[in-house]
There are 2 protein chains.
Amino acid sequence: MSETDYSAGAAYVDGCYMPVGEASVPILDWGYRRSDVTYDVVGVWQGAFFRLDDHIGRFRASMNALRLHPEETDEQIREILIEVVRRSGLREAYVAMDCLRGRPKPGLKPHPANCRNRLTAYAIPWVWVVSPEVQARGANLIVAHTPRIAEASVDPRVKNFHWADLTRALFEAHDVGADNAILLDGAGFVTEGPGFNVFAVQDGRVITPDRGALEGITRRSVIELCAELNIACEVRPLTVEELRAADEVFLATTAGGVMPASRLDGRIMGNDRPGPVSTRLRAQYWQNRAAGWHATTVDYSERTTA
Amino acid sequence: MSETDYSAGAAYVDGCYMPVGEASVPILDWGYRRSDVTYDVVGVWQGAFFRLDDHIGRFRASMNALRLHPEETDEQIREILIEVVRRSGLREAYVAMDCLRGRPKPGLKPHPANCRNRLTAYAIPWVWVVSPEVQARGANLIVAHTPRIAEASVDPRVKNFHWADLTRALFEAHDVGADNAILLDGAGFVTEGPGFNVFAVQDGRVITPDRGALEGITRRSVIELCAELNIACEVRPLTVEELRAADEVFLATTAGGVMPASRLDGRIMGNDRPGPVSTRLRAQYWQNRAAGWHATTVDYSERTTA
């Protein structure tokens, strides 16, 4: 077998496997030049994917929404994702799949309808959106002044790299020494943050926005956990006033699971530590994960055929 | 000298020159993964740049707005742009400069404030946003249903790759057989289209939006041409009703100059041909260009030092 070093991660680009450091996007690809691309991210923990087929299903729905049609079938994407993890050898991995618009085919009008769409994927060592140290004390969040890009312009349910508003919000947080930021829509409703969904806890009930945000798969898992733990969970519009008045706030993402906050715009929630409901959900999330919840175990053995 | 084939275009990536086909963006670079990047495009026609220093100045302002600080000075960027054109040998070229966020430096929090920003540039054969054939008959435009991303979320004066709304508008045009699309803001004011500014002509006066759009350098040139030709020009809010009632509509961009339209949402303007004011401005634009207006001539001779 090859002696290629996949320790920093393994990638698949347009039919070929390679170390992630060699994986790149042509500078003329509209996936980069027009951010005309969708993606998804699935986590591997203790050698098993979490909700692999749910992620592939959402990825396909995002591609269809943007009229992106790569050559690879869902079954092939599944094999590719497993293969990049297998090659990397990583037991805890952040696994991304992208579909890029590509370039217009020669001789045709340079229009997005006339491009050959391209699939890429990679596995790298696990990434935390909020570090474990910050999760333990509870994240220090702000409500950003920058509003989230409106749904009418860019559908947040189609996972995308339109992060200029999220990046600006990250700088807002950085400038006041906070860990991260939550963005509102133009009407003052809570949407999401850079790579995560937002939850408020009030009087023992969990509330998460029904609009302006990605329909996160970890969010879906939190809703299932609430049912399991007999915690009321409401998916509905959430105003910034409700968020500010909440007993607890927590975040959810593939790259971190359930992540409690302890401060919002400097206001201390509870005893400046993760609240009881957030803590319970976080513990149950990892307990279920360890028990094989929605798991697809990776076979890391060498394949007999390259 | 090298026998490298630059005929498809020449690129500069992070300190090195290469054929444009070899130029790429690492798949993990936030310039791609978060579209955390700004860019500018300057044209070369008959071997001369148009308003080169204006483009570099705007590029620097965009980088500052996003807190992007590459190693290269404005003077070095100028030399790089000239060098990619010289290497390509192209007398008519589309010349782009990008500044990407890069990746977080090892050991630091993965935050945009902690990245090494990277510069790229390239020259490729001239690209027309609207083909010369369509310009001659006048473009068939639509007003898109998709609204432009709001200024409060992403500043359109900072040139960016957040094109999902523009791409959707291009599909809207494609689906009804139109050539291109104009986008409105949430309040029904005209903004811009995919890569161009918009102008209406009413009773001999030229009107272009003062908001929601890139402050285009060709737009600035059109304002100068209006002064030269003694045509009244207003930079102010432009409603979609005014656009629909206009005698003429034209577009302006680096990659095309002044580009007349002849239909809007199927309505024929004038005699279904470019109108007289648009035609006059277009002719004067190219006449001035040929006469060396705002030109920086490229020296294509081999350099004595590589």
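Is A:R236 buried, partly exposed or exposed? With a relative accessible area of 23%, A:R236 is partly exposed. Keep in mind as you look around that this is a predicted model.

**The nonpolar core**
- The largest nonpolar core has 56 residues.
- Those with the most contacts inside this core are A:I27, A:Y32 and A:Y122, together with B:I27, B:Y32 and B:Y122.
- Take B:Y32 as an example: setting aside neighbours within four places in sequence, its contacts include A:Y32, A:D98 and A:F161 from chain A, and B:V25, B:I27 and B:L100 from chain B.

**Salt bridges to look for**
- Over all chains, the count comes to 50 salt bridges.
- A:D179 and A:R137 meet through their side chains in one of them, at 2.9 Å from N to O.
- Because A:D179 sits in the loop between helix 5 and strand 9 of chain A, and A:R137 in helix 4, this pair ties together parts that are 42 residues apart in sequence.
- A:D179 is buried at 15% relative accessible area, while A:R137 is partly exposed at 33%.
- A:R205 pairs with A:E234 in another salt bridge, where the closest N and O atoms are 2.7 Å apart.

- A:R236 forms a salt bridge with A:E242, with 2.9 Å between the closest N and O atoms.
- A:E242 is partly exposed too, at 28% relative accessible area.
- Elsewhere, salt bridges with shared partners join A:D14, A:D29, A:E71, A:R116 and A:R118 into one network.

Methods:
Residues are numbered from 1 along each chain as its sequence is written. Chains are lettered from A and ligands numbered from 1 in the order in which they are written. This is a predicted model: local features need pLDDT of at least 70, side-chain atom pairs count only at pLDDT 80 or more; totals for chains, interfaces and linings use all residues. Side-chain values use heavy atoms; hydrogens and water are left out. A nonpolar core is a set of buried Ala, Val, Leu, Ile, Met, Phe, Trp, Tyr and Cys residues joined through side-chain atoms within 4.5 Å. Buried means under 20% relative accessible area, exposed over 50%, partly exposed in between (1.4 Å probe, protein chains only). Contact means heavy atoms within 4.5 Å. A salt bridge is a side-chain nitrogen of Lys or Arg within 4 Å of a carboxyl oxygen of Asp or Glu. Helices (H or I, at least four residues) and strands (E, at least two) are DSSP runs, numbered from the N terminus.
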